[in-house]
Amino acid sequence: MTQTRPVAVQRHAAPAQPLLRRGAVRFDVVTWLSVYLLLLFAIPSKLVIGPLGSAGAPSMVVGLASLLLWVLMGVGAARPTLSGPRLIRVSLSVFLFSVGVTYVLAMSRPVVSNEVSPADVAILALLAWSGVLLLAHDGITSAARRDQLVWRLALAGGALAVLGLAQFALGELFVDRLTLPGLTLTSPYELGQRNGLFRPQGTATHPIEYGVLVTMLLPLTLHVGFEHTERRAVVRWAPAAAALVLVPATGSRSAYVGAAVALIVMLVGWRGSRRRVMLGVTAVGAVAGVVVAPNMLSSILGLFTGASEDPSVTSRTGSFELAGEFIARDPLFGRGLGTFLPTYRIFDNQYLLLLVTVGLVGTVLFLGICVATVRVLVRVRKRSAGTDARTYDLALALMAAVLVGFVSLFFFDAFAFPMTMGALFLLVGVAGSLRARA
């Protein structure tokens, strides 16, 4: 992240291989992933296909279909089409294998009947997210089509931010008025408050998940604003502007930490005028926020200065002892993914829950996916420096987005929130699609 910013720009690579062509309409991997993106973000998480229960989120169904499609693409290939390092795919495979081991061990010993179905759903969810990752990793072969998907991810972040701003300002959810044929509401909608201010949640299940989603996509909105110069300035900067305005209104520590991680990574990687511009925008935005809504600033500061007395914080810290007892029973492979039910305890820390459910081995291997992704992106930046400005900056934006996602898992049990994990695995897959330059 310390390379000099390049000046030459190379924007195109080999064309993507279409899955289907009909007339002038292209249907390829990017189109498929765009459909997944729409289902993931536009349909509220509380709406599922009734007969499928907790496994019935439309995005999960498409994710499982993505895994099947990835397998069929590999089987049907006349010759190997994958090139370059496959570090991300290998790290994912090893993690999935370890989770499979924990599942076999969990089902081979006495298990509470209520834990079996959640364990099955957890495995299906992980396979769905992995299918999306693998399809993006191996199926996006065109820089132009990848840019299109990045643009759509930025638009999704901007749209989520606009919806959240409306919820914050008007005290209305809006999504509670949405009904879709064939989908069932799993639990009532509720707009929460903190310190007298509404906590927006977009289409997510909880404000924490919503804040993480927006801050995870924030780096991509900034990348689009700076690099997608073929679009009008007002269009390409709209998603970033909406996301930056939304962050202070989330009322969520995880969102503030995520935004800080995103901006720090981007500022370290940027050089020259871009860094100065962003520092200036951040400073002006902070001053404007204090002037327009001084109570919001005190509310934000209170989340950190009064953390020791916050029930949500004490609940998290109070979980360490209980988690330690379960970890001590099965330290290596845990008790099985999905078998530790929320009725037992809500840790609000996915890494703590992973130590309990997949053990030290599974947790380390999951973190290995993050390490592998960052390593690939560092290589991409090194190879594209001075030759491809857009790829160089995209690698930085994806690095920031993925790090935001993995850091945010300290703040909630993210595997129970399909939007967060679906988005994170998709981002890792997009990062892997840059591997040909690594």
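Modeller: Let us start with charged pairs. Side chains of opposite charge can pair when their charged atoms come close. In this predicted model, D28 forms a salt bridge with R145, and the closest N and O atoms of the pair are 2.8 Å apart. D28 sits in the loop between β2 (25–27) and α1 (29–42), while R145 belongs to helix α5 (residues 143–170), so the pair ties together parts that are 117 residues apart in sequence.

Colleague: Are D28 and R145 buried or exposed?

Modeller: Both D28 and R145 are buried.

Colleague: Which residue forms a salt bridge with D138, and which helices hold the two partners?

Modeller: The partner of D138 is R89, with the closest N and O atoms 3.0 Å apart. Since D138 lies in helix α4 (residues 113–139) and R89 in helix α3, this pair ties together parts that are 49 residues apart in sequence. To judge burial we need a cut-off, which is a relative accessible area under 20%. D138 counts as buried because its relative accessibility is 10%, and R89 counts as buried because its value is 14%.

Colleague: What does the salt bridge between E172 and R177 look like, and how exposed are its two residues?

Modeller: The side chains of E172 and R177 meet at 3.5 Å, N to O. E172 is partly exposed, with a relative accessible area of 33%, whereas R177 is exposed, at 57%. Salt bridges that share partners also join D147, E230, R231 and R390 into one network. The count of salt bridges comes to 10.

Colleague: How should I read a helix such as α3, and which of its residues are buried?

Modeller: An α-helix has 3.6 residues a turn, so residues three or four places apart point the same way. In α3 the buried residues are I88, R89, S91, L92, F95, S98, V99, T102 and A106. The length of the helix can be checked as well: at 1.5 Å a residue, its 21 residues should span 30 Å, and the end C-alpha atoms are 31 Å apart, which agrees.

Colleague: What surrounds S98, and where does its side chain find a polar atom?

Modeller: S98 lies in helix α3, which runs over residues 87–107, and S98 is buried because its relative accessible area is 4%. A polar atom of the S98 side chain lies 2.7 Å from the backbone oxygen of F95. Leaving aside neighbours within four places in sequence, S98 is in contact with F333, V361, G362 and L365.

Colleague: How many helices and strands does the chain have, and what share of its residues is buried?

Modeller: The secondary structure comes to 16 helices and 6 strands, and of the 438 residues 50% count as buried. Among contacts between residues at least 6 apart in sequence, 79% join residues at least 24 apart. The accessible surface comes to about 18,800 Å², of which 67% belongs to carbon and sulfur atoms.

Colleague: Where is the pLDDT below 50?

Modeller: Where pLDDT is low, the predicted coordinates should not be read in detail. For the chain, the mean pLDDT is 86, and 84% of the residues reach 70 or more. Over residues 1–17, however, the pLDDT is below 50, although this stretch has 50 contacts in the model beyond near neighbours in sequence. Residues 20–24 also have a pLDDT below 50, and that stretch has 4 such contacts.

How values were computed
Residues are numbered from 1 along each chain as its sequence is written. This is a predicted model: local features need pLDDT of at least 70, side-chain atom pairs count only at pLDDT 80 or more; totals for chains, interfaces and linings use all residues. Side-chain values use heavy atoms; hydrogens and water are left out. pLDDT is the predictor's confidence in each residue, from 0 to 100. Contact means heavy atoms within 4.5 Å. Helices (H or I, at least four residues) and strands (E, at least two) are DSSP runs, numbered from the N terminus. Buried means under 20% relative accessible area, exposed over 50%, partly exposed in between (1.4 Å probe, protein chains only). A polar contact is a pair of N or O atoms within 3.5 Å; within protein, one must be able to donate a hydrogen and the other to accept it, and residues adjacent in sequence count only if both atoms are side-chain atoms. The expected span of a helix is 1.5 Å times one less than its number of residues. Accessible areas come from the Shrake-Rupley method with a 1.4 Å probe; for residues, only the protein chains shown count as cover. A salt bridge is a side-chain nitrogen of Lys or Arg within 4 Å of a carboxyl oxygen of Asp or Glu.
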